[in-house]
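Here is a short note to read alongside the structure. Take the points one at a time, and find each residue in the viewer as you go.

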Amino acid sequence: MLIGLTYDLRADYLAEGLSLEETAEFDRPDTIEAIEGAIRRLGHRTVRIGRLKALVKHLAKGERWDLVFNICEGRGGYGREAQVPAVLEGHGIPCTLSDSLTMALTLHKGHTKRVIRDLGVPTPDFAVVEGVAGIAGIDLPFPLFCKPVAEGTGLGVSAKSKVRDRTQLAKVCKALLKRHRQPVLVETYLPGREFTVGIIGEGARARAVGTCEVVLKDAADPAYGYANKENCEELVLYRLVDDAEAREAARVALAAYRGLGCRDTARVDLRSDAKGRPSFMEINPLPGLHPEHSDLPILCAQAGMSYDRLIGAILAGAARRVGKATGRRRRR
Ligand SMILES: Nc1ncnc2c1ncn2[C@@H]1O[C@H](COP(=O)(O)OP(=O)(O)OP(=O)(O)O)[C@@H](O)[C@H]1O
Ligand SMILES: [Mg+2]
């Protein structure tokens, strides 16, 4: 197959004047090289397309690919991860990972949790604070956890995110509203073990590849936030686990994945409540794919799945859609 690669390179945006934090989710050249290498070793041809702007130019010139391996994070608004899938859907070109609907929904952690709650999947009680006026109306028991409603890579998450009283709640929410210019998700603090579950496949074929326990070396740190993620090699331990609580985390993760309509792969983050029951925190349908630095490849390697097999599994999922209508099938 001829496979196009779409991606957002961090260096391109840094060169345009964006800050390190604003570009935290974008990719390094070695991630693109690793993905391309794995695809070529599988016997396919590749074309580097680049970001959305480049994709649109290529499409306007009439270029087409059998499918696109897409890892674009996008820029601007809650639909940013949905931009490339939506453009490709409009041109009838299949792409890897979830479709535009799932990408847009899951970027907004509040909307996602409303659907998750409706699916009967456990997730902490929560409120979405749209502005300073909404802080006083929060009626949830402390301790609470505050984070931006639509960020990744731990942006806006630090030791301050766990709040124990109204004074701290107001202070942290105000700071997050100002700094991240978006609503704040306030939810019940989960004090238990943290898990991240890697899932591959689609619908009934979806399965958990492995469940990692995320252990912060600083036991006093209440959250796996930005600083931990940027320096994960020194600050974080990832342990493949398969005890009863971990298996329950995988079961909850799979229910969330299927319910949200994810395809090919995603990583689900969970933490247990005080009674040891794993609860859904968020899902990443566009997980980092750096072979050594990103959680999903780390987890897969520990579970015995090489990087090439991971990329191959993602590609195999998308390849099933080649030659078929790319929209969701509707039952009539
Ligand atoms: N309700 C909660 N209770 C306790 N800790 C939480 C809660 N919500 C988030 N955290 C902590 O904050 C971390 C980051 O939260 P979350 O996974 O929502 O952010 P993210 O930036 O989207 O992460 P990713 O890098 O996976 O995209 C979690 O891994 C967890 O350690
Ligand atoms: Mg997370």
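**Notes on the predicted model**

1. Let's begin with the metal. The magnesium ion (ligand 2) is coordinated by D269 through OD and by E282 through OE, at 1.9 to 2.0 Å. These two residues bring distant parts of the chain together: D269 sits in strand β11 and E282 in strand β12, and they are 13 residues apart. Please keep in mind that this is a predicted model.

2. Now turn to ligand 1. It has 23 residues around it, and those that come nearest are K109, K147, G154, E187 and E194.

3. Which atoms of the protein pair up with ligand 1? Start with K109, where a polar side-chain atom lies 2.7 Å from an oxygen atom of the ligand. For E194, an N or O atom in the side chain is 2.5 Å from an oxygen atom of ligand 1. T153 takes part through its backbone instead: a polar backbone atom there is 3.0 Å from an oxygen atom of ligand 1.

4. How much of ligand 1 does the protein bury? Taken alone, ligand 1 exposes 620 Å², and the protein buries 97% of that.

5. Next, a residue in a helix. A34 belongs to helix α2, which covers residues 29-41. Why does A34 count as buried? Its relative accessibility is 15%, and the cut-off for buried is under 20%, so A34 qualifies. Not counting residues up to four places away in sequence, A34 touches R41, P291 and Y307. A34 and Y307 are 273 residues apart along the chain, yet their C-alpha atoms are separated by 8.6 Å.

6. Last, a residue in a strand. T6 is found in strand β1, residues 2-6. T6 is buried, because its relative accessible area is 0%. Leaving aside neighbours within four places in sequence, T6 is in contact with I49, G50, L55, V68, F69, N70, I71, C72 and V84.

Definitions and conventions. Residues numbered from 1 in each chain as written. Chains lettered and ligands numbered in written order. Predicted model: local features only at pLDDT ≥ 70, side-chain atom pairs only at ≥ 80, totals over all residues. Heavy atoms only, no water. Near = heavy atom within 4 Å. Polar contact = N/O pair within 3.5 Å; in protein donor to acceptor, adjacent residues only side chain to side chain. Areas by Shrake-Rupley, 256 points an atom, 1.4 Å probe, with all protein chains shown as cover. Helix = DSSP H or I, 4+ residues; strand = E, 2+ residues; numbered from the N terminus. Buried < 20%, exposed > 50% of the residue type's maximum accessible area, 1.4 Å probe, protein only. Contact = heavy atoms within 4.5 Å. Donors = N, O, S within 2.8 Å, 3.2 Å for Na, K, Ca; no water.
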